[in-house]
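Dear colleague,

Please find below the sequence and structure that I am handing over to you. My findings follow directly after them.

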Amino acid sequence: MRTQSPALRLEDIVKTFPGVRALDGVSFEVQPGEVHALLGENGAGKSTLMKVLAGMHQPDEGRIYIGGRQVTMKTPLEAKAEGVVLIHQELSLAEELSAAENIYLGELPRKRFGLVDRQTLLAKAGAILERLKCGFGPEVTVGDLSIANKQMVEIARALTVDAKTVVFDEPTASLTDAEKVVLFDIIRDLKDRGVGIVYISHRMEEIFTISDRISVLRDGSYRGTLITADTNEDEVTQLMIGRSLDLTRNHEPANLGAIALEVKALCCGSLFHDVSFKVHSGEVVGFYGLVGAGRTEIAETLFGLRTPSSGAICLEGKEVTISSPVSAIENGISLVPENRKEQGLVLGMNCRDNITLPQVSDLTAGPFVSDGAEIAIFDHYRDKLEIKTPNWRQLVGNLSGGNQQKIVIGKWLSMHPKVLIVDEPTRGIDVGSKSEIHKLIRDLARQGYAVIVISSEMPEVMHVSDRIIAMYQGRIMREFTSEEVTEDNLVQAISGIVANGDRAA
Amino acid sequence: MTTSNRTKTIKRGAIWGFIVLELIFFSVAGRFLSVSQTQFMDLDNMLLLLKQSAPIGIIALGMTVIMINGNIDLSVGAIFALCAIVMLDSQTWPIFAGLGELGVIPFAWGMALLTGMVLGAINGLIVWKTGVDAFIVTLGAMLGYRGLVFMYNGEQPTFLLNWTLVDMIESSLLGLEFPAIAFIVLTFLIWFLMTKTVHGRNAYAVGDNREAAVNAGIRVGPHMLWNFVLIGFLTALSSIVFYSASGSVNPNDGELYELWAITAVVLGGTKLTGGSGSVINTFGGVIAIQLLRKGLGHIGADTETVNLVIGLILIAVLFLDRQLNVKGKGELRT
């Protein structure tokens, strides 16, 4: 390593919240001109560490050095003045304002009487955008830009100060592959200028592409730093979760029953076309594809949230019309949605009420809801799914991600569906609960449920599915059995490359 | 966990603590400053207070339901006035002639209740079918319905005294007059509705997370429509309670009632964003405001001062609520 003083160094940082030791003696440094990746599961302390870096939290113990000099940063503004800039995962831009105004927000150049000096503003912002090789000028309205370009505006904002350290928090979460390449070019460019870069991400392959060193956090404590060139994914995963995750391919022979769901030539506007597939009871069918391939949209159509433009949906051999979630539920289709908190749960309600929500109107004694019937249902699914909660009165918002997901699954199992659709079953769930959810999905198939799993994680899809349907731009490219599928042919299929020309329907 | 439970208990009991504080303050301050000789915490005085709280209180019950549901209704003041006109005026309609002073009462009340429910249904239908925010829809309705009030009788007050009706309203049970009884009974009925029935359960779910409610198969549109019908019904009831005895309604009556009702609901701890709140605490909010009005009057403050104080207290309460919430959230952040 270099001998010059690091751009940024943290020593023994401790930060506690009531009841939680969020950071427990974390040390971390970034050299000028280095990309240092920060890895850890949800809840490992990454966001807290970042907030300490950005002056949003004050550490209880520990020291922060910038360029060898100890500093305290009490506000984000002070952090910025010290040259530490954070590029947020959730962009914080004023959509109605121009790119230039956003870049200099809070520090707009002024003329006399407090008027904005538009010429200087446009010139300075234009120069920065030029430097980033952005394809748009300073005068465009930010709301009209793509997400990738909005991110450019955020980065440009970071460059208005003489940034010595730039922290990227999950920057590629909503970028396309082409946009990712551009972002990486910019990061390399910053690096060449001697800026220290902290790169936070979950995505292993990105980290290996861009970083020089990798530091790992687990449960709020520092687990070590690896030099990217000398390590591999396994070693990093080991460090991250303390053991390796079992994601071997599913080998369990499917115990197929009758066809539960058959979809014939289903189309929905420009979202997906000519989609046909069958799901048997006792089978898990995985849908794999890139974001925007139309997988979630198919699920939403089956659940009555979208109206198909043509095609047919048959349940147990009978054609049905599904016009709303109400009719989907009546027909025995249930959906565990992609975003648990936004679409699946009422966070301010307790566990029991969330589970019984779709059927509460059937659980009445006279005009009143029957407490006993509800508690019986809750108890049943708490035991069946091993939901960890002190009691049914606990608000769902206070549960962990894994237990929240189990509540959503329990909610739908209690409706005894014929077809259960699970969209991104383990998004935002820690590794331990992940394997529990995977096991649960396999169990459900064994019990005779027809299950559709939509996932963006290839190992997950391969781990839980009996069959995998690969989608590309709204079409089914190929169907694989669990014996046929390999990472290579799956990646080809979802990238639109048809192997040996046989497009399965 | 225990701290967040404590925070919750504090928030739930806050309004009652505030009421106790008011009672103590006005009783003590009344000794030195009172313009009258009577005690503040006199039973008659308290019963009168309950009766005076009833009109805004009954509306506030409906507003609680609407706000838990994630909506708001600004048109209740105008509905209040229109129902009053219908109730008084309908007693002179030729079709009800010959029914006598007693016989006409159910019909007049029925007409008023029907008016309230229809006006509420119009709001609900527009909110459901257009998807426009309830704030905007009922803001329009507030102006529109007030327009109807003026079209009915111009600038003139509508006037009718039915002595049988007056006697009925002023008759009392255990010292409680009809309006007070109506307020208490309705509070319990709506409390039952919100805590024990499917409709109430769904109201909280829709207010907390509308998308999840849709995904759980709740028919959100019709559900919200019923809540607007309910607040229309309650507003009409409030109007009946108030005008049966007074017998005279001015076209500007009921103005700002929507804001008083919202103030009471918010003081009672119901969230403006929906999903949480309690009818019983709204009852507390209504009583707290009325106590403040009466108490300040008791120690010789004028109306302007009363409004200023209530405004300041409302802001202070919301500030405290925010502090408690921030604290609660900080604990969960990891």
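In this predicted model, the side chains of Arg201(B) and Asp353(A) meet in a salt bridge, with N and O 3.3 Å apart; a salt bridge is a side-chain nitrogen of Lys or Arg within 4 Å of a carboxyl oxygen of Asp or Glu. Arg201(B) belongs to helix α8 (residues 198-208) of chain B and Asp353(A) to helix α12 (residues 351-356) of chain A, so the pair joins two chains. Helices (H or I, at least four residues) and strands (E, at least two) are DSSP runs, numbered from the N terminus. Arg201(B) counts as buried at 9% relative accessibility, and Asp353(A) counts as buried at 8%. Here buried means under 20% relative accessible area, exposed means over 50%, and partly exposed lies in between (1.4 Å probe, protein chains only).

Arg201(B) also forms a salt bridge with Glu374(A), where the closest N and O atoms are 2.6 Å apart. A network of salt bridges links Arg201(B) with Arg352(A), Asp353(A), Asp371(A) and Glu374(A). Between chain A and chain B, the count is two salt bridges.

As to conventions, residues are numbered from 1 along each chain as its sequence is written, while chains are lettered from A and ligands numbered from 1 in the order in which they are written. Because this is a predicted model, local features need pLDDT of at least 70 and side-chain atom pairs count only at pLDDT 80 or more, whereas totals for chains, interfaces and linings use all residues; side-chain values use heavy atoms, with hydrogens and water left out.

The interface between the chains

In the interface, 40 residues of chain A are in contact with 25 residues of chain B, contact meaning heavy atoms within 4.5 Å. Together the two chains bury about 2400 Å², of which 61% is on carbon and sulfur atoms. Buried area is the accessible area (1.4 Å probe) that two parts lose on being put together, summed over both. On the side of chain A, the residues that lose the most area to chain B are Val326(A), Gln343(A) and Leu357(A), together 19% of what that side buries.

Salt bridges within chain A

Over all chains, the structure holds 29 salt bridges. One of them is formed by the side chains of Arg63(A) and Glu11(A), at 3.0 Å from N to O. Arg63(A) lies in strand β4 (residues 61-66) of chain A and Glu11(A) in strand β1 (residues 8-17) of chain A, so this pair ties together parts that are 52 residues apart in sequence. Arg63(A) is partly exposed, at 30% relative accessibility, whereas Glu11(A) is buried, at 17%.

Glu479(A) and Arg467(A) also meet through their side chains in a salt bridge, at 2.6 Å from N to O. This pair links distant parts of the chain, 12 residues apart: Glu479(A) is in strand β22 (residues 475-481) of chain A and Arg467(A) in strand β21 (residues 467-472) of chain A. Glu479(A) is buried, with a relative accessible area of 18%, and Arg467(A) is buried, with 13%.

A helix pair in chain B

In chain B, the axes of helix α4 (residues 100-130) and helix α6 (residues 163-170) come within 8 Å and cross at roughly 70 degrees. The axes are lines fitted to C-alpha atoms, for helices over the stretch in contact, and angles run from 0 to 180 degrees between N-to-C directions. α4(B) and α6(B) are therefore roughly perpendicular to each other; that term covers angles of 65 to 115 degrees. From α4(B), the contact is made by Glu101(B), Leu102(B), Ile105(B) and Trp109(B), and from α6(B) by Trp163(B), Thr164(B), Leu165(B), Met168(B) and Ile169(B).

Individual residues of chain A

Ile197(A) is found in strand β8 (residues 196-200) of chain A and counts as buried, at 0% relative accessibility. Leaving aside residues up to four places away in sequence, Ile197(A) touches several residues, among them Val30(A), His36(A), Phe168(A) and Leu190(A).

Most residues other than glycine have a negative phi. Asp274(A), however, has a positive phi near 50 degrees; Asp274(A) is placed in strand β12 (residues 272-280) of chain A and is partly exposed, at 40% relative accessibility. Phi of Glu424(A) is likewise positive, near 50 degrees. Glu424(A) sits in the loop between β19 (419-423) and α15 (431-446) of chain A and is buried, at 5% relative accessibility.

With kind regards

Note on methods
Angles under 35 degrees count as roughly parallel, over 145 as roughly antiparallel, 65 to 115 as roughly perpendicular and the rest as oblique.
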